[in-house]
Amino acid sequence: MSFSSLVQDLALRDPDAPRRRGDASASTMDDRASQFSVAKSYASTAATSVSISGDIGSQLHAGYSHPLARSWQAERQLTKSMLIYPLFISDQDDEEVPIPSLPNQCRRGLNRLIPFLEPLVRKGLRSVILFGVPMQPGTKDALGSSADDPNGPVIRSIRLLRQRFPHLYIVCDVCLCEYTSHGHCGILREDGSLNNQLSVDRISDVAVAYARAGAHCVAPSDMNDGRIRAIKLKLIEAGLVHNVTLMSYAAKFSGCLYGPFRDAAGSAPSFGDRRCYQLPPGGRGLARRAIVRDINEGADIIMVKPAGQYLDIIADAKELGRDLPIAAYQVSGEFAMIHAAAKAGVFDLKSMAFESTESILRAGATIIISYFVPEFLDWLDS
Ligand SMILES: NCc1[nH]cc(CCC(=O)O)c1CC(=O)O
Ligand SMILES: [Zn+2]
Ligand SMILES: [Zn+2]
């Protein structure tokens, strides 16, 4: 057989063609036939350069011709227990308002929470992360005083969820930006920069308040230096350290992917930006230092955020924190971008929801915070 007819032969037997038509069994048969003929063709044309053993080792399709065998190629399969679903809880108890920039997501008051979550819990929802959203005018101040208000939305929801869904694992985001009048993630000096010490003192108090109310996990997203150690020490002091997980947003990058979240939570800074505390997007080394630092300060879980644009950082976190669970947050901008592209016909929404999530798992995460969780609860059953 001549070289050109071999190429033609291979092209005709493109093993992906039947799969693109959605016919898996035809693909299996076809692959077998084509491997046989490829081997024969090589044997007759390539005797001079390709050794027999190399030839045999070059055959990869055999390992993934069947759907089940394809699933075995992944180190980790997506399961429901890996997923954490973000909830925006407003202080308007009866409110249920869609968030325009964040497709299919609503801001909800306490009274809307249980009816919304009941079907999800029934379908296998295991964990949520809570973000409080004070809507009542006059609630915000320079110190973020309402963050740990016992009558505020977060603390009341923790109690309610613990009582109504005893098996639901409750994570609380800990930050001040939703509660400060200036929208920054801490307490400011007069020049507008973060006062690290005051911020850490306040944020660790808020974390302990959530833990006392019954949160299983507290997750500081503020990026002030030293907050992991401060929270751990206060949890020890409060006698809560043995059963409250500390998940650090260790490598949280500044950038343009948090816009829809800030719409949802009303937490956009009123001046300036967050580039002096969130990490610069090119700062891989800095992220590695932040990860190592937070592990040393006592973090139980390391999170990377955003996820899709920072897969190398997830892989770094997995390497540096090989003995810790690694979480990744597919943030509001990533989610909105996928929706927009699907709507524009670039790809199928479900296919990209899976592909983006599988890439996060492949990079090394085993916990994924995602706005796709309600959909995954259905998709993972079918
Ligand atoms: N500090 C609060 C916080 N916690 C999680 C997110 C972003 C989550 C998302 O975009 O989905 C933010 C916003 C920010 O830092 O501006
Ligand atoms: Zn913040
Ligand atoms: Zn600064």
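Guide: Start with helix α7, residues 153-164, and helix α8, residues 196-213, in this predicted model. Their axes come within 9 Å and cross at roughly 25 degrees. Angles under 35 degrees count as roughly parallel, so α7 is roughly parallel to α8. The crossing of α7 past α8 is right-handed. On the α7 side, the contact is made by Val 154, Ile 155, Ile 158 and Arg 159. On the α8 side, Ala 209, Tyr 210 and Ala 213 take part. Six of the contact residues are nonpolar, one is charged, and none is polar.

Now move along to helix α13, residues 332-343. Its twelve residues reach 16 Å from first C-alpha to last, close to the 16 Å expected at 1.5 Å a residue. The buried residues of α13 are Ser 332, Gly 333, Glu 334, Phe 335, Ala 336, Ile 338 and His 339. They pack against α10 (259-265) and α14 (349-363). After α13 comes Gly 345, with a positive phi near 85 degrees.

Last, look at Asp 316. This residue sits in helix α12, residues 311-320. Asp 316 has 23 C-beta neighbours inside 10 Å, so it counts as buried. Leaving out residues up to four places away in sequence, Asp 316 touches Arg 284, Ala 287, Arg 288 and Ile 291. Ala 363 lies 47 residues from Asp 316 along the chain, yet their C-alpha atoms are separated by 8.8 Å.

Conventions: Residues are numbered from 1 along each chain as its sequence is written. Chains are lettered from A and ligands numbered from 1 in the order in which they are written. This is a predicted model: local features need pLDDT of at least 70, side-chain atom pairs count only at pLDDT 80 or more; totals for chains, interfaces and linings use all residues. Helices (H or I, at least four residues) and strands (E, at least two) are DSSP runs, numbered from the N terminus. A residue is buried if 20 or more other C-beta atoms lie within 10 Å of its own, exposed if 12 or fewer, and partly exposed in between; C-beta atoms are placed from the backbone. Two residues are in contact if their C-beta atoms, placed from the backbone, lie within 7 Å. The expected span of a helix is 1.5 Å times one less than its number of residues. Axes are lines fitted to C-alpha atoms, for helices over the stretch in contact, and angles run from 0 to 180 degrees between N-to-C directions. Angles under 35 degrees count as roughly parallel, over 145 as roughly antiparallel, 65 to 115 as roughly perpendicular and the rest as oblique. A crossing is left-handed if the near helix is turned anticlockwise from the far one by less than a right angle, and right-handed if clockwise. Ala, Val, Leu, Ile, Met, Phe, Trp, Tyr, Cys and Pro count as nonpolar, Asp, Glu, Lys and Arg as charged, and the others, Gly among them, as polar.
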